Amino acid sequence: MKTRTAPIPVAPALGVDLLIFLVAAIAAFVFSQAVSLALASASINQTLEAPPQVLVVVSSVIIPIFFMAMDGINAAGNRLKLPLAGSRKRAQQIYARRIHLGLLALYFNAILVALCWSASAMPVMSKIYLAAVFAIAIYALGQSIPSTKLSFTLSGILFVIVLLATQTFIITKTQSEAEQAGQELRQRLGGGEVPEGEAQ
């Protein structure tokens with residue numbers, strides 16, 4: 001008597017892929033807006049060597065799109081290659097590797113955006129090189145931990161720290177620029193209110 005094998009779930013696998021893509025797309029939007037904000041800043045834009053925003057968006061979502069396409073092809077062909085086709089441990093390991101790679105791209109963009117604000121005059125290629133070096137270093141740190149769960153947790157924490165630090169730096173610098181602009185405006189208005197007789 002033949003034993004029936006359990007059907008390999010396709011929708012959950014594609015659903016997880018879609019969820020990872022949506023997170024990456026939101027991050028891409030945030031990073032793109034941060035670059036746009038730097039371009040709109042009067043003081044930064046004078047010396048800003050900004051990376052193309054297309055690079056920021058594409059590099060954020062290219063990895064989730066690749067895995068989504070790969071799972072779509074496997075769903076139509078060999079479903080045994082889908083992440084959920086085997087054991088739970090196998091699925092966790094596959095998704096952990098994918099999320100680590102996705103975080104690598106997000107590390108890269110977070111650091112790249114931070115460099116746009118902190119080192120606006122630095123050449124674009126230098127920013128990209130430094131962002132890649134630091135992102136790979138953080139990625140390697142997460143991969144060096146043998147425990148998959150602990151490695152994923154550490155990578156997630158590091159990403160949140162990098163993202164929060166980047167956003168905090170941008171907000172602080174924006175507020176500082178706004179205060180400086182307001183002070184300069186008050187000084188100009190104050191100087192214009194001095195009577196001509198007293199000015200002489």
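Trainee: What does the accessible surface of the chain come to, and what share belongs to carbon and sulfur atoms?
Mentor: About 12,300 Å², with 68% of that belonging to carbon and sulfur atoms. Accessible areas here come from the Shrake-Rupley method with a 1.4 Å probe, and for residues only the protein chains shown count as cover. Keep in mind that this is a predicted model: local features need pLDDT of at least 70, side-chain atom pairs count only at pLDDT 80 or more, and totals for chains, interfaces and linings use all residues. Residues are numbered from 1 along each chain as its sequence is written, and side-chain values use heavy atoms, with hydrogens and water left out.
Trainee: OK. How many helices and strands does the chain have?
Mentor: Seven helices and zero strands. Those are DSSP runs numbered from the N terminus: H or I with at least four residues for helices, E with at least two for strands.
Trainee: And what percentage of the residues count as buried?
Mentor: 32% of the 200 residues. Buried means under 20% relative accessible area, exposed is over 50%, and partly exposed is in between (1.4 Å probe, protein chains only).
Trainee: Where does V23 sit, and why is it called partly exposed?
Mentor: V23 is in helix α1. Its relative accessible area is 49%, so V23 counts as partly exposed. C-alpha to C-alpha, V23 is 9.7 Å from G102, though the two are 79 residues apart in sequence.
Trainee: How do the axes of α1 and α4 cross?
Mentor: At roughly 5°, coming within 9 Å, with α1 covering residues 11–40 and α4 residues 88–118. Axes are lines fitted to C-alpha atoms, for helices over the stretch in contact, and angles run from 0 to 180 degrees between N-to-C directions. So α1 is roughly parallel to α4; angles under 35 degrees count as roughly parallel, over 145 as roughly antiparallel, 65 to 115 as roughly perpendicular, and the rest as oblique.
Trainee: Which residues make that contact?
Mentor: Among them are I20, F31 and L37 of α1, and Y95, L106 and W117 of α4. Contact means heavy atoms within 4.5 Å.
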